[in-house]
Amino acid sequence: MPKRVGIYAGTFDPVHSGHVTFALQALQTAQLDKVYFLPERQPRHKHGVEHFGHRVAMLKRATRPHPQFDVLETVDINFSTVRTLPKLQQQFKGRQLVFLFGSDVVEGMPAWPNVSQLLASSELVIGLRGHDTESGILKTANSWVLPPKALTVLQSYAPHISSSDVRDALYQRRPAHGLLRSVERYSDRNWLYVSVA
């Protein structure tokens, strides 16, 4: 069993090269033995997401070339520090959990229920997105009542790639920056992100 386990929860609708490169960066920088992509069945504040089964299938195809990646499915409808974290800690007992997050979630993290358990026991790897900066993320994290066990901030190779842009490109049948070939083939075969009008 791996000693340092990365957990990357998200919607992945669909998974794109930004997700994969961030996981690869985290794997190396945080010296992880394995990264598990944890797709959420029903993400908070997101509606109309693609069926969970399709998103899992695309993730499995995207992670297949990388032996240190895997896809982890849970019965929880979304990642929760109250429900999901204890299950992960039990599943990977004796291993160090390292959670991978985009910088867009950092501002709201202190309001997560039971977030103190996550911060006290786990390391965080934050990938910068959009125009976020390392100094800004560190300043925010330093304002938390309880600091994380360890915090690493990574300058993403693809900070501006988003799943919504990839979906729009697929819908319009045009090339998409960050679109993985395996995802494109799967979505075409299964008529995902297309107009039937």
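Student: What do β1, α1 and β2 make together?

Tutor: β1, α1 and β2 make a right-handed β-α-β unit. A crossover counts as right-handed if, with the strands pointing away from the viewer, the path from the first strand over the helix to the second runs clockwise. Helices (H or I, at least four residues) and strands (E, at least two) are DSSP runs, numbered from the N terminus.

Student: And what am I looking at, and how are things counted?

Tutor: This is a predicted model, where local features need pLDDT of at least 70 and side-chain atom pairs count only at pLDDT 80 or more, while totals for chains, interfaces and linings use all residues. Residues are numbered from 1 along each chain as its sequence is written, and side-chain values use heavy atoms, with hydrogens and water left out.

Student: In which sense do β1 and β2 pair?

Tutor: Parallel, over six bridges. Two strands pair if DSSP finds at least two bridges between them. G10 stands opposite P39 in β2.

Student: How many bridges join β2 to β3?

Tutor: Three, and β2 and β3 run parallel. F37 stands opposite V71 in β3. From β2 the chain crosses through helix α2 (residues 52-63) to β3, and this β-α-β crossover is right-handed.

Student: How many residues of β2 are buried?

Tutor: Six of the six, so β2 is largely enclosed by the rest of the structure. Buried means under 20% relative accessible area, exposed over 50%, and partly exposed in between (1.4 Å probe, protein chains only).

Student: Which residues sit on each side of β2?

Tutor: K34, Y36 and L38 are on one side, and V35, F37 and P39 are on the other. Both faces are covered.

Student: Switching to rings. How many aromatic pairs does a search of the whole structure find?

Tutor: Ten. Rings of Phe, Tyr and Trp (its six-membered ring) pair if their centres lie within 6.5 Å; planes under 30 degrees apart count as stacked, over 60 as edge-to-face and the rest as tilted. One of the pairs is Y8 with F12, which is edge-to-face, at 5.2 Å centre to centre and 85 degrees between the planes. Y8 and F12 are both buried.

Student: Why is the F37 and F69 pair edge-to-face?

Tutor: Because the planes of the F37 and F69 rings are at 70 degrees, with the centres 5.3 Å apart. The pair links distant parts of the chain, 32 residues apart: F37 is in strand β2 (residues 34-39) and F69 in strand β3 (residues 69-71). F37 and F69 are both buried.

Student: Which residues form one aromatic cluster?

Tutor: Y8, F12, F22, F37 and F69.

Student: Which lining residues are closest to the centre of the largest pocket?

Tutor: G10, T11, K46, D104 and V105, out of 40 residues that line the pocket. β1 (4-10), α1 (17-29), β4 (96-102) and α6 (163-171) each supply at least two lining residues.

Student: How does the lining divide by residue type?

Tutor: Into 16 nonpolar, 17 polar and seven charged. Ala, Val, Leu, Ile, Met, Phe, Trp, Tyr, Cys and Pro count as nonpolar, Asp, Glu, Lys and Arg as charged, and the others, Gly among them, as polar.

Student: Backbone now. Is the peptide bond from D13 to P14 cis or trans?

Tutor: Cis, with omega near 0 degrees. P14 is in the loop between β1 and α1.

Student: What is phi of Q31?

Tutor: Near 55 degrees, a positive value in a residue other than glycine. Q31 lies in the loop between α1 and β2. Q31 is exposed, with a relative accessible area of 61%.

Student: And phi of N114?

Tutor: Near 60 degrees, a positive value in a residue other than glycine. N114 lies in the loop between β4 and α4 (115-121). N114 is partly exposed, with a relative accessible area of 34%.

Student: Last one. Is V183 buried or exposed?

Tutor: V183 counts as buried, at 0% relative accessibility. V183 is in helix α7 (residues 181-189).

How values were computed:
On a 1 Å grid over the protein atoms alone, a cavity is a set of points where a 1.4 Å probe fits but cannot get out, and a pocket is an open set with protein on both sides within 12 Å along at least five of seven lines; lining residues have an atom within 4 Å of a point.
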